[in-house]
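Trainee: I'd like to go through this one with you, question by question. Could you put it up on the screen?

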Amino acid sequence: MRIAIASGKGGTGKSTVAANLAWALSRSRDVTLVDCDVEEPNLHLFFPAPATDVPVTTPNPEIDAARCTLCGECGKFCRFGALAVVKDCVLTFPHLCHSCGGCTLVCPHGAIREVPRTIGRVSCSRPLSRLVLISGVLNEGEVQAPAVIRAAKVLAEGHPLTLYDASPGTSCPVIETIAGSDACILVTESTPFGLHDLSLAAEVAEKLGTPAGVVINRSNGQDEATVAFCREHGLPVLMTIPFSREIAAVQNRGGLISRDLPGWEERFAGLFRAIPGVSP
Amino acid sequence: MIICITARASGMDAPVEQRFARAPYFVFVDTESGKSESIENPLISAAGGAGPRAVQLLSQAGATVLITRQVGGNAARALAAGGIKAYAYRGSGSVADALAEYTARNLQPIPLS
């Protein structure tokens, strides 16, 4: 069972839901939590533990100057500007490369080969006896978040229950995270911005054919618009977390409400059972 | 010698654009014939890597001098490798004005490293 946690809008509480759900489930079963927000992973803050790092590499072009005739085909082809043929040399800009391999195919002289370059790492730890944490970390200045997400997901393969914490937004990293999941939890907040981005995230889940449900976080009790949207789109509201100073205080010191506040372990266990397609 | 000037529209009377690779137009001036040619920049809304790709475009056009206001890091590296010198025009005049300032040796070179 693989469950993605996404939101559209940033700061709605994806990591809060992922960390608390993982903690509550790890009380009774083996859980693997994958931090797919590789540009700013933060789940390790809830689960500090010694980690083992595995580097993530992507293929980048290397020019064989002896074979290159400066014909310019590679530079014309690359839409990311990762190769530029100027005057008497081919320049490469590895951090602009998306590793599509197209340059090696269009080069008529076989002068380009691909060499691996490290763009990030996957950090693995076991903070609790029944919880494995796998965090993707993209190096600063790099663009290939999906490659690090893929590596993190590969390392989690074969585990019986996996939770993927997505990045905000609805672009490539989020699609990479949700794709292949059995279900998706969309975390929103009762603001117009939260609802707007929920609608975008719901559309992504629908396009990917992933059944989804909604968690309303920081609810002020006036969630009519969100609830109406969910009803219209056939999205079950799985859980509502109130806007409460007590919850914020636990969160702000890096605590887990499922562990530190009475009643929340059961509520997160209930959230799991309510996810579409889950058979506990 | 072919000089490229970044511009907001086509022609010698167009205002100079301060950005390099995101300039709407490149105006190429051949100093020997005095002729000019304006090219619409195909990279204006490119997702990324506009700098190196714009330098490639200049290189293919045979330009050896660029007049603009500022260039990014990737573009600077490509300009240096391509032997294209860049000069900063800080005024608000036309392409013709910028060219006159260059000819009068009033423009400062943009450091490319």
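Trainee: Which residues does Ile5(A) touch, not counting residues up to four places away in sequence?
Mentor: Keep in mind that this is a predicted model, where local features need pLDDT of at least 70, side-chain atom pairs count only at pLDDT 80 or more, and totals for chains, interfaces and linings use all residues. Residues are numbered from 1 along each chain as its sequence is written, while chains are lettered from A and ligands numbered from 1 in the order in which they are written. Touching here is contact, with C-beta atoms, placed from the backbone, within 7 Å. With that, Ile5(A) touches Lys14(A), Val17(A), Ala18(A), Leu163(A), Tyr164(A), Asp165(A), Ala166(A), Ile185(A) and Val187(A).

Trainee: And which residues have the most contacts inside the largest nonpolar core?
Mentor: Such a core is a set of buried Ala, Val, Leu, Ile, Met, Phe, Trp, Tyr and Cys residues joined through C-beta atoms within 7 Å. Buried means 20 or more other C-beta atoms within 10 Å of a residue's own (exposed is 12 or fewer, partly exposed in between), again with C-beta atoms placed from the backbone. The largest core has 68 residues, and those with the most contacts inside it are Ile5(A), Val148(A) and Leu186(A).

Trainee: Which helix gives the most to this core?
Mentor: Helices are DSSP runs of H or I with at least four residues, strands are E runs of at least two, and both are numbered from the N terminus. The helix that gives the most, with eight residues, is α1 (residues 14-26) of chain A.

Trainee: Val148(A) is in α4(A). Why is that helix largely enclosed?
Mentor: Its buried residues are Ala145(A), Pro146(A), Ala147(A), Val148(A), Ile149(A), Ala151(A), Ala152(A) and Lys153(A). What covers them includes β2 (31-35), β3, β6 (112-128), β7 (131-138) and α5 (172-178) of chain A. Helix α4 (residues 145-155) of chain A is largely enclosed by the rest of the structure because the buried residues number eight of the 11.

Trainee: Which strands stand at the edges of the sheet?
Mentor: Strands pair if DSSP finds at least two bridges between them. Nine strands form an open, mixed sheet in the order β3-β6-β7-β2-β8-β1-β9-β10-β11 (chain A). Each edge strand has a single partner, so one side is left without a neighbour in the sheet, and the two are β3 (52-63) and β11 (237-242) of chain A.

Trainee: How many bridges join β9 to β10 of chain A?
Mentor: One bridge pairs Cys184(A) with Ala212(A) in β10(A). Strands β9 (residues 183-189) and β10 (residues 212-219) of chain A run parallel, and the bridges that join them number six.

Trainee: How far apart do the domain centres of chain A lie?
Mentor: The bounds come from an automatic or database domain assignment, which gives domain 1 (2-56 + 120-274) and domain 2 (59-118). Their contact takes six residues from domain 1 of chain A and four from domain 2 of chain A. The C-alpha centres of the two domains lie apart by 38 Å.

Trainee: Last one: which element gives the most to the side of chain A that touches chain B?
Mentor: Here 12 residues of chain A are in contact with 15 residues of chain B. Two elements of chain A give two or more residues, β4 (83-86) and β5 (89-92). With three residues, the one that gives the most is β4(A).

Terms used
Contact = placed C-beta atoms within 7 Å.
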